Amino acid sequence: MQVSIACTDHNLKRGNGDHGKQSATSPNVVNQARAKFRTVAIIARSFGSFTPRHHISLKESTGKHTGMKYRNLGKSGLRVSCLGLGTWVTFGGQITDEVAEQLMTIAYEGGVNLFDTAEVYAGGKAEVILGNIIKKKCWRRSSLVITTKLYWGGKAETERGLSRKHIIEEIVRAMTYVINQGMTMYWGTSRWTAMEIMEAYSVARQFNLIPPVCEQAEYHLFQREKVEVQLPELYHKIGVGAMTWSPLACGIITGKYENGIPESSRASMKSYQWLKDKIVSEDGRKQQAKLKELGHIAEKLGCTLPQLAVAWCLRNEGVSSVLLGTSNPEQLTENLGAIQVLPKMTSHIVSDIDHILGNRPYSKKDYRS
């Protein structure tokens, strides 16, 4: 199964305060990217078996040998591991190819079937490294779900953007075309607003095209509104599920920035000055204080703070999969351990976390009640 993510800039003129995934470029380029790359489309290409719609199981299942949990991507028949491995910053940049192979091996053997990359990551090297590892390991292609993002393909005008020559021009029509050609089973969105997703759904229904099945969004302890308020409505109305990324907020939630910026950390890199500024800001200091309190809950549950944070994301039934980003085997093994913490996320524990964070978003249903 292959999932491709295609970015568009059709809403560049709209305001945007989101902080999304960026390549390791200069701060100015990063700032431009935050405003520029909000709209993303995901398409899923399957080389394996397809689950007929009338046989779809929306229940969570557990791997017999790994303990990994698998969920449907939205209300589609695509089954994905609830934890996936991302390659942003790390593959082709922060880590060696050998370490990348170690990470993918640990993830695969741990039951992960979802791997995320992008053509812009390390100038395209991340995609190449990921592909070479899969080939070297001789893993069954039908057992994997690979995601990639498209936009910054090259320097030439024909190598960038989403013109029909590059990948697509009109998202919904193009995704439907690819599906009808047998190259794709599903497509979805990432970093779209709820209104944009509904618009895509309406266009699909109006012109007898195929609508999206998922939305890829940032989700962690300090970023909650979209995944907890907007996406549940879309799930119940049109079946769009959530694939989330940055569960540790670019490493902020690990607690490693409690006493400053470590030299080997991502925030110490010149191209991530924006992350450093965020950490040392007043809001950043408040977040570190809250993380200290959350550390007590983690200790009570017998887990680490990162494991608590990842399990907290997984406890949301509307989340199909959480993408992990790690730079060494120890971190990945630790984060995968969040699966064992998930059963401990009782309503009481979640309530205690909400009390510390003080940022629980309220939906229309909450106001009515």
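Below are legends for an overview and some close-up views of this predicted model.

In this predicted model, local features need pLDDT of at least 70 and side-chain atom pairs count only at pLDDT 80 or more, while totals for chains, interfaces and linings use all residues. Residues are numbered from 1 along each chain as its sequence is written, and side-chain values use heavy atoms, with hydrogens and water left out.

**Overview: the protein chain.** Of its 369 residues, 53% are buried (under 20% relative accessible area; exposed is over 50%, partly exposed in between; 1.4 Å probe, protein chains only).

**View 1: Thr-105 in helix H3.** Helix H3 spans residues 97-109 and holds Thr-105. Thr-105 counts as buried because its relative accessibility is 13%. Beyond its neighbours within four places in sequence, Thr-105 touches Lys-137 and Trp-139 (contact: heavy atoms within 4.5 Å).

**View 2: the Glu-60 and Lys-69 salt bridge.** These two side chains pair at 4.0 Å, N to O (a salt bridge is a side-chain nitrogen of Lys or Arg within 4 Å of a carboxyl oxygen of Asp or Glu). Glu-60 is partly exposed at 39%, whereas Lys-69 is buried at 15%.

**View 3: the Lys-286 and Glu-282 salt bridge.** Here the N to O distance is 3.7 Å. Both residues sit in helix H9 (residues 282-301), four residues apart, about one turn of the helix.

Technical notes: Helices (H or I, at least four residues) and strands (E, at least two) are DSSP runs, numbered from the N terminus.
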